[in-house]
Amino acid sequence: MENSRRKFIKQSAVFAAATYAGTMGMSAKSYGRIIGANDRVRVGVVGFSDRFKDTLLPCFLNHNKELNFDIVGLSDLWSYRRDLGIAHLKQKFGHDIKACRNNDELYATKDLDAVIISTADFQHALHLVEAIKGNCDAYVEKPFAETMDDAKAALKAVKASDRIVQIGSQRRSGENYANAAKYIQDGKFGPITAVDLVWNVNQPGRWRRPDLVAKLKEEDIDWKRFLLNRPNEAFDPRKYLEYRLFWPYSSGMPGQWMSHQIDTVHWFTGLKHPRSVVANGGIYTWKDGRRNWDSMVAVFDYGQPNSEDGFQVTFTSRMQNSVGDVGEVYYSNGGELNLITNKVSPKGGLRQQEASAMGLKANLLPEFDLSKTEIKAATGANMGGDALTSGHMRNWMECVRSRKTPNAPVEAGYSHSIANIMTNAAVRTGAKSVFDESRQEVIANGKVFKY
């Protein structure tokens with residue numbers, strides 16, 4: 001399954017980093033014309049996570065020498081992981097790295113310019129607020145926020161600052177996704193009639209960390225600092241290390257996977273959130289004490305408020321059979337836009353035989369290849385990570401230099417968080433959730449949804 005997912009990511013990211021060059025109108029050679037371009041950008045790491053070690057760091061290393069970025073400090077609450085991180089970064093960068101027990105110590109570092117945040121899902125927004133207060137630019141992993149209170153606090157902090165923030169929605173730095181957005185926005189696809197989002201795996205160990213759980217002792221971390229604004233619970237190493245399985249530290253499938261895919265809906269259409277969401281599912285197979293479902297289907301109604309026009313989006317995810325794999329497919333009356341194959345085709349479109357029965361004309365889209373472009377990538381040697389994330393990391397680094405808006409600005413994170421929280425409200429209450437635009441709150445059963 002992992003091989004097929006890597007194949008999908010590689011396939012969906014042909015020249016993935018090319019988008020930054022087109023949207024920014026810049027190249028590596030243009031740095032010399034920017035004030036301060038030759039100054040080294042000093043970066044801190046917030047959380048030595050698997051995501052950071054295995055993907056974000058390799059992607060950073062693809063570009064840091066060319067763009068003159070360096071990592072100078074690391075914050076992690078757990079002494080064991082902090083020590084591992086310091087040793088790993090020393091080996092990669094060839095110099096000392098400041099070890100910080102918490103973010104207060106990290107932001108006390110002199111001349112810290114930016115941070116990469118890859119902590120527990122529920123912490124992202126609040127850790128971003130800390131970064132803004134520390135006067136740092138930030139690359140912050142998705143989901144942006146799991147509650148509207150956190151989302152609003154982070155959005156307000158960023159908008160009141162001049163900091164450059166990139167949300168980790170790396171599809172926004174993929175050439176094929178940029179081409180799909182333009183194809184739809186140019187009107188070539190016609191009105192969207194439906195979208196199928198699928199994320200299926202067969203991985204009993206997904207989000208489990210049994211070996212690390214056995215190592216973690218309460219005295220080794222600051223449990224209260226970990227909880228931040230979540231309800232107080234007794235120390236549990238599983239909730240610290242396997243947080244993706246436990247609400248309210250993560251919503252699981254919606255926050256981890258759906259937030260990537262629903263973001264493309266907002267990007268392609270310009271819509272900021274669903275009109276309503278319903279969901280169903282359960283813990284059907286992996287009964288290991290988790291709180292978050294191992295199978296689910298969510299159904300979204302999208303469209304302009306108070307309009308009869310619109311379309312339906314479905315998100316389907318399961319963790320015990322990988323048939324269907326990972327992908328997004330958009331439908332119109334004329335065919336499909338498939339981001340697994342990166343093709344627009346007339347498949348499913350209105351044929352003449354069926355059209356004639358109602359006195360209509362056939363409506364069939366021409367074939368179109370979403371992976372073709374005139375833009376050339378300029379990412380340098382690739383030493384690891386996936387192409388989408390590498391291009392996304394580079395786009396952030398370039399925007400830190402240019403002070404231009406990155407591909408996935410804070411507003412993108414805010415929008416995917418609304419959809420995510422609406423989904424979780426439907427999951428947790430069993431009710432249809434809606435969004436109160438005036439209050440910027442998710443409503444289910446007539447009440448504001450919190451936990």
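## Salt bridges, sheet and cores

With a relative accessibility of 28%, Arg225 counts as partly exposed, a class that lies between buried (under 20% relative accessible area) and exposed (over 50%), as calculated with a 1.4 Å probe on protein chains only. The model is predicted, so local features are described only where pLDDT is at least 70 and side-chain atom pairs only at pLDDT 80 or more, while totals for chains, interfaces and linings use all residues. Residues are numbered from 1 along each chain as its sequence is written, and side-chain values rest on heavy atoms, with hydrogens and water left out.

The protein has 16 helices and 17 strands, which are DSSP runs numbered from the N terminus (H or I over at least four residues for helices, E over at least two for strands). Of its 451 residues, 59% are buried. Contact here means heavy atoms within 4.5 Å, and among the contacts with a separation of 6 or more, 74% are between residues 24 or more positions apart.

### Charged pairs

Side chains of opposite charge can pair when their charged atoms come close. A salt bridge is counted when a side-chain nitrogen of Lys or Arg lies within 4 Å of a carboxyl oxygen of Asp or Glu, and by this rule there are 30 salt bridges. Arg225 takes part in one of them, its side chain meeting that of Asp222 at 3.8 Å from N to O.

In another, Glu141 pairs with Arg51, and their closest N and O atoms are 3.4 Å apart. Because Glu141 sits in the loop between β5 and α8 (148-159) and Arg51 belongs to helix α3 (residues 50-61), this pair ties together parts that are 90 residues apart in sequence.

Arg238 and Glu242 also meet through their side chains, with a distance of 2.6 Å from N to O. Both belong to one network, in which salt bridges with shared partners join Arg208, Arg238, Glu242, Asp288 and Arg290.

| Residue | Relative accessible area | Class |
|---|---|---|
| Asp222 | 35% | partly exposed |
| Glu141 | 5% | buried |
| Arg51 | 23% | partly exposed |
| Arg238 | 17% | buried |
| Glu242 | 1% | buried |

### The six-stranded sheet

Six strands form an open sheet with parallel pairing, in the order β3-β2-β1-β4-β5-β6; two strands are taken as paired if DSSP finds at least two bridges between them. At the edges are β3 (98-100) and β6 (165-167), each of which pairs on one side only. From one strand to the next, the twist averages 20°. Helix α5 (residues 79-93) packs on the sheet, where it touches β1 (41-46), β2 (69-75) and β3, and the direction of α5 makes about 165° with that of β2; such angles, which run from 0 to 180 degrees, are taken between the N-to-C directions of lines fitted to C-alpha atoms, for helices over the stretch in contact.

Strand β4 (residues 114-117) is covered on both faces, with Ala114 and Ile116 buried on one side and Val115 and Ile117 buried on the other. Four bridges link β4 to β1, the two running parallel, and here Ala114 is the bridge partner of Val43. Four bridges also join β4 to β5, again in parallel, with Ile117 opposite Val140 in β5. Strand β5 (residues 137-140) is in turn joined to β6 by three bridges and runs parallel with it, and Tyr139 has Gln166 as its bridge partner in β6.

### Nonpolar cores

A nonpolar core is a set of buried Ala, Val, Leu, Ile, Met, Phe, Trp, Tyr and Cys residues joined through side-chain atoms within 4.5 Å. The largest core has 97 residues, of which Val115, Leu128, Phe315, Tyr330 and Leu337 touch the most other members. With nine residues, helix α16 (residues 410-429) gives the most to this core. The core lies between domain 1 (41-171) and domain 2 (174-375 + 410-448), because both give residues to it; the domain bounds come from an automatic or database domain assignment.

Beyond its neighbours within four places in sequence, Val115 contacts several residues, including Val43, Leu106, Ala131, Tyr139 and Trp396. A second, separate core of 27 residues includes Val43, Tyr139, Ile164 and Trp396.

### A buried serine

Ser276 belongs to strand β8 (residues 276-282) and is buried, its relative accessible area being 12%. When residues up to four places away in sequence are not counted, Ser276 touches Val299, Phe300, Asp301, Met422, Lys432, Ser433 and Val434.
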